[in-house]
Amino acid sequence: MSSLRVLETINPAKILLLGYASYVVLGWIFLSFPISQNVPISNIDNLFTATSAVSTTGLATIDPGLSYSFFGELVILLLIQVGGIGYMTFGSFVILSTRHKMSSFRTRLTKSAFALPSDFEIGRFIKMVVIFTLVCEAIGALGLYLIFLSHGVNDAIWSAIFHSVSAFCTAGFSLNSNSLMEFSDNPMLNFVIAALAYTGAIGFIVATDVWQRLTGKQQFLHFTTKIILEVTIWFALVGTILFFIIEPSIQLMPPWQRLMASFFQVMTASTTVGFNTIDIGGLSASIIMLMYVFMIFGASPSGTGGGLKSTTLAALLGLIKSTLKRRETIRVHKRELSSERLQIATASFAFYMVVLTGAMILLLALESATFEMILFEAISALGTVGLSMGLTGDLTVLGKLIIILLMLMGRVGILTFGIAMAMHDESREEEDDDDLVV
């Protein structure tokens with residue numbers, strides 16, 4: 001039997017997980033080379049960095065800008081790019097550009113990697129993903145270069161390219177020791193980073209859908225696109241207002257800077273981009289609670305963000321509303337949700353809570369930090385957000401391994417990871433063996 005035939009018998013979820021894991025190992029090997037390092041870096045920290053890059057999380061146990069050489073930073077950037085738009089995407093794009101058609105096996109894998117509406121044409125979608133990504137990152141890099149140049153940033157071109165890719169892929173990796181805190185009062189940088197993060201996080205479904213609508217190739221936006229945009233806008237508006245009013249650490253800022261800082265931190269949590277312009281460790285408990293919600297539900301399907309998705313939140317709210325009204329069907333904006341979509345949403349949320357609970361039990365036993373800091377770290381890792389209250393660098397080796405696993409799960413997708421790890425279903429003969437002796 002050929003290797004392709006063997007692969008075709010394997011669940012696509014397992015292949016996706018193995019694919020991302022292989023890129024993590026490959027990145028780990030390259031980051032371990034002396035040429036990648038300015039200072040000696042332990043194996044566990046190199047593995048942590050590789051996983052954080054491929055998962056587009058941005059959590060870091062060491063300072064990437066100081067610890068890694070240009071070659072090491074380039075490796076991190078390539079890992080972010082591959083992780084951000086999916087390792088299957090580039091290969092599929094090359095095939096589509098040369099053969100004009102993908103095999104049924106690759107098509108099946110790509111559909112597993114991207115949650116798409118049923119009438120999306122996969123080939124056209126893949127081409128749009130790559131072109132859209134490169135165009136956005138190029139425009140973002142140009143804008144950031146002009147900003148960094150005016151601020152006298154060293155290696156402004158490289159820093160602009162790195163931060164543009166990191167922002168669009170919602171990775172949150174920065175070459176600066178304090179992320180973007182020195183630019184907290186720069187409206188242009190806040191705007192460029194937010195624009196890149198939102199275009200990446202709202203997902204390629206929205207980008208493709210809006211483009212098809214603007215070019216007249218379709219008459220309306222898909223229901224999924226409308227829900228994604230609605231949740232994203234509500235998160236931004238409500239979150240910014242609450243942050244502006246409640247958070248005490250920004251009360252002494254000028255009103256316009258206070259509003260900008262509020263918007264940026266809500267944006268960075270909900271898009272899972274992970275940059276920060278103020279000290280996350282100094283936020284109040286009420287705002288930290290708000291950040292939990294945004295980090296869990298902020299990103300969107302088939303985008304560069306992780307965690308549960310905005311559409312999952314919409315489905316769960318629809319379930320609650322319909323149950324309270326005692327409806328026989330589950331509806332969101334008068335649209336009836338299929339049992340399959342609802343099952344995916346509820347299973348994703350339930351499995352997310354099981355994983356988070358298990359991780360918290362272990363981390364609380366291993367780490368000496370507060371419950372609030374550990375929960376923030378776990379949600380940030382599982383949502384591939386990259387924000388931290390200052391715990392990452394102080395994690396124990398076992399704590400780092402747990403966070404590594406959470407980041408990988410967040411990138412693959414919590415339910416996809418569960419499917420990949422699930423044992424085979426019981427056969428008919430096993431099901432018939434139902435005599436339990438008591």
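**View 1. Burial and overall make-up of the predicted model.** Of the 438 residues of the protein, 54% count as buried, where buried means under 20% relative accessible area, exposed means over 50%, and partly exposed lies in between, with a 1.4 Å probe and protein chains only. This is a predicted model, in which local features need pLDDT of at least 70 and side-chain atom pairs count only at pLDDT 80 or more, while totals for chains, interfaces and linings use all residues. Residues are numbered from 1 along each chain as its sequence is written, and side-chain values use heavy atoms, with hydrogens and water left out. The protein has 20 helices and two strands, which are DSSP runs numbered from the N terminus (helices are H or I with at least four residues, strands are E with at least two). Contact here means heavy atoms within 4.5 Å, and among contacts between residues at least 6 apart in sequence, 69% join residues at least 24 apart.

**View 2. The largest nonpolar core.** A nonpolar core is a set of buried Ala, Val, Leu, Ile, Met, Phe, Trp, Tyr and Cys residues joined through side-chain atoms within 4.5 Å. The largest such core holds 110 residues, and those that touch the most other members are Leu144, Ile193, Met291, Phe376, Ile403 and Leu406. Helix 14 (residues 285-297) gives the most to this core, contributing nine residues. When its neighbours within four places in sequence are left aside, Leu406 is in contact with Val355, Ala359, Ala378, Ala381 and Leu382.

**View 3. Helix 19 and its packing partners.** In helix 19 (residues 414-421), the residues Ile414, Thr416, Phe417, Gly418 and Ala420 are buried. These buried residues pack against helix 2 (12-32), helix 16 (339-366), helix 17 and helix 18.

**View 4. The second largest pocket.** On a 1 Å grid over the protein atoms alone, a pocket is an open set of points with protein on both sides within 12 Å along at least five of seven lines, whereas a cavity is a set of points where a 1.4 Å probe fits but cannot get out; lining residues have an atom within 4 Å of a point. About 550 Å³ of space lies in the second largest pocket, a volume being the space filled by probe spheres set on the points, with grid points joined across faces, edges and corners. Its lining consists of 30 residues, of which Ala60, Ser177, Asn276, Gly386 and Ser388 lie nearest the centre of the pocket. By class, the lining of this pocket has 11 nonpolar, 17 polar and two charged residues; Ala, Val, Leu, Ile, Met, Phe, Trp, Tyr, Cys and Pro count as nonpolar, Asp, Glu, Lys and Arg as charged, and the others, Gly among them, as polar.

**View 5. The largest cavity.** A search of the whole structure finds one cavity of 30 Å³ or more, and the largest cavity has a volume of about 50 Å³. The elements that give two or more residues to its lining are helix 10 (187-201) and helix 12 (223-246). The lining residues are Tyr198, Ala201, Ile202, Thr232, Phe235, Ser270, Thr271, Gly298 and Ser300, and they divide into four nonpolar, five polar and no charged.

**View 6. Two threonines with positive phi.** Most residues other than glycine have a negative phi. Thr56, although not a glycine, has a positive phi of about 55°; this residue lies in the loop between helix 3 (43-54) and helix 4 (64-67) and counts as buried, at 0% relative accessibility. Thr384 also has a positive phi, near 50°, and lies in the loop between helix 17 (371-382) and helix 18 (397-412), where Thr384 is buried with a relative accessible area of 0%.

View 7. Thr61 has its place in the loop between helix 3 and helix 4 and counts as buried, at 11% relative accessibility. The C-alpha atoms of Thr61 and Asn46 are separated by 9.1 Å, the two residues being 15 residues apart along the chain. Leaving aside neighbours within four places in sequence, Thr61 is in contact with Asp45, Phe48, Thr392, Gly393 and Lys400. Thr133, in helix 8 (residues 122-150), counts as buried at 1% relative accessibility, and touches Gln81, Ile85, Phe168 and Phe204 when residues up to four places away in sequence are not counted.
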